[in-house]
Amino acid sequence: MKYYIVSDIHGSSKNIKKVLEYFDQDGDYLLVLGDILYHGPRNDVPENYEPKEVIQLLNERKDKILAVRGNCDGEVDQMVLNFPITSDYLMLPFDEYKIFMTHGHLYKEFLWMNKNDVVLSGHTHIPVANKEDGIIFLNPGSISIPKMNYVPSFAILENHTYTIYDLDKNIMFEYKIK
């Protein structure tokens, strides 16, 4: 399986369109880590803020999307998206470990996670791949409003390797899970 992972789209059509071009070539599932349509009161409006186009682009791929709710996602967003986004988390089995998908604003402790399990989150808009207390923390960054001088980014999980890319598909980070 090849999972494309995005977070913090915030209604930016240009950047999600670019990621979806790659995804359509070889992706199995698109994992969306929240903050899909609205930019939130603390962020500037992202470049190419066109939430209606983002809705259309994602709805066209509804059967290949697994998503969780971000702090900027609301019930009204679920009314226009044809895939579920209201769960605060999803737990995915992945070979001998599990992946806990969440946006990143709610859970700070992961007592249900075991050594070498993966926490996949967004929210900070900063790409991350590290291990703390035996748990692997992965964040693809934001494809629309990156922070701390990072560029827009997304990730791919394939063959136990987590790779963060910029929008031109240049490798920024790579992390071997196994």
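This is a predicted model: local features need pLDDT of at least 70, side-chain atom pairs count only at pLDDT 80 or more; totals for chains, interfaces and linings use all residues.
Me: Starting with strand E8, is it enclosed or open, and why?
Reply: Strand E8, residues 135-140, is largely enclosed by the rest of the structure, because six of its six residues are buried.

Me: Which residues cover each face of E8?
Reply: Ile135, Phe137 and Asn139 lie on one side, and Ile136, Leu138 and Pro140 lie on the other; all are buried.

Me: How does E6 run against E8, parallel or antiparallel?
Reply: Parallel. Strand E6, residues 118-120, is joined to E8 by three bridges. Val118 stands opposite Ile136 there.

Me: And E7, how many bridges does it have to E8?
Reply: Six, and strand E7 (residues 127-132) runs antiparallel to E8. Glu132 has Ile135 as its bridge partner in E8.

Me: Changing topic. Which way do E1 and E2 run, parallel or antiparallel?
Reply: Strand E1 (residues 2-6) and strand E2 (residues 29-32) run parallel, joined by four bridges. Val6 stands opposite Val32 in E2.

Me: What does the chain pass through from E1 to E2?
Reply: Helix H1, residues 13-26, and this β-α-β crossover is right-handed.

Me: What about E2 and E3, how many bridges?
Reply: Three, in the parallel sense, with strand E3 covering residues 65-67. Leu30 stands opposite Ile65 in E3.

Me: Which helix goes with E2 and E3?
Reply: Helix H2, residues 51-59; with E2 and E3 it makes a right-handed β-α-β unit.

Terms used
Residues are numbered from 1 along each chain as its sequence is written. Side-chain values use heavy atoms; hydrogens and water are left out. Buried means under 20% relative accessible area, exposed over 50%, partly exposed in between (1.4 Å probe, protein chains only). Helices (H or I, at least four residues) and strands (E, at least two) are DSSP runs, numbered from the N terminus. Two strands pair if DSSP finds at least two bridges between them. A crossover is right-handed if, with the strands pointing away from the viewer, the path from the first strand over the helix to the second runs clockwise.
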